[in-house]
Amino acid sequence: MKSEPDAFSFEDLKNCPNKTEHWDGIRNYQARNLMRDDMKKGDWVLFYHSNAGKETGVVGLAEIASKEAYPDHTSWDKKSKYYDEKSSKENPRWLMVDVKYKRPLKCPVTLQQLKEETALEGMLVIKRGQRLSIQPVEKQHFDHVSEMGGVKL
């Protein structure tokens, strides 16, 4: 899961009540479908800071908490920047999940390091044109990135 740290950082997640927050504002159908179809309660997440200059990369581990994808209520709120007039409680167009802070990496794994690591070949985040804020990660890649960041699972 990717977030710009000035919008919502890993530290922000740590400081939320119960270290948990809903992941709202997804307005891409492919990302929504990944949340709906692939994210399950208890799944671990690589938390990636995007557009962070030299610090762009994976900074911590989180977990899908409390339940699977459910309607994103911000799409019904006319005051929200995520409002979508075509979404309603009766026919929700957008979804969100709850994400729980687990632990920081001992050292962030930068985008450059991800690109240079041959064991991560095929990982979507390092492919050109992959800009989705939610992307699937193979278990072998997840484990390898965690180890690169100093966390052995």
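**Met 39.** I started with Met 39, which I found in the loop between α2 (29-38) and β3, where helices (H or I, at least four residues) and strands (E, at least two) are DSSP runs numbered from the N terminus. The model is predicted, so I noted that local features need pLDDT of at least 70, that side-chain atom pairs count only at pLDDT 80 or more, and that totals for chains, interfaces and linings use all residues. Residues are numbered from 1 along each chain as its sequence is written, and side-chain values use heavy atoms, with hydrogens and water left out.

Met 39 is buried, at a relative accessible area of 10%; buried here means under 20% relative accessible area, exposed over 50%, and partly exposed in between (1.4 Å probe, protein chains only). Leaving out residues up to four places away in sequence, I listed its contacts as Met 1, Leu 34, Ile 64, Glu 68, Val 97 and Ile 134, a contact being heavy atoms within 4.5 Å. For Ile 64, which is 25 residues from Met 39 along the chain, I read a C-alpha separation of 7.2 Å.

**Aromatic rings.** Trp 23 is buried at 7% relative accessible area, and Phe 47 is buried at 0%. I also recorded that Phe 8, Phe 10, Trp 23, Phe 47 and Tyr 101 form one aromatic cluster.

**Salt bridges.** Taking a salt bridge as a side-chain nitrogen of Lys or Arg within 4 Å of a carboxyl oxygen of Asp or Glu, I counted 6. Among them, Arg 93 meets Asp 84 at 3.7 Å, N to O; Arg 93 is partly exposed at 25% relative accessible area, whereas Asp 84 is buried at 14%. Asp 143 and Lys 139 bridge with their closest N and O atoms 2.6 Å apart, and both lie in helix α4 (residues 139-148), 4 residues apart, about one turn of the helix. Here Asp 143 is partly exposed at 23%, while Lys 139 is exposed at 59%.

Terms used:
Phe/Tyr/Trp six-rings, centres within 6.5 Å; stacked < 30°, edge-to-face > 60°.
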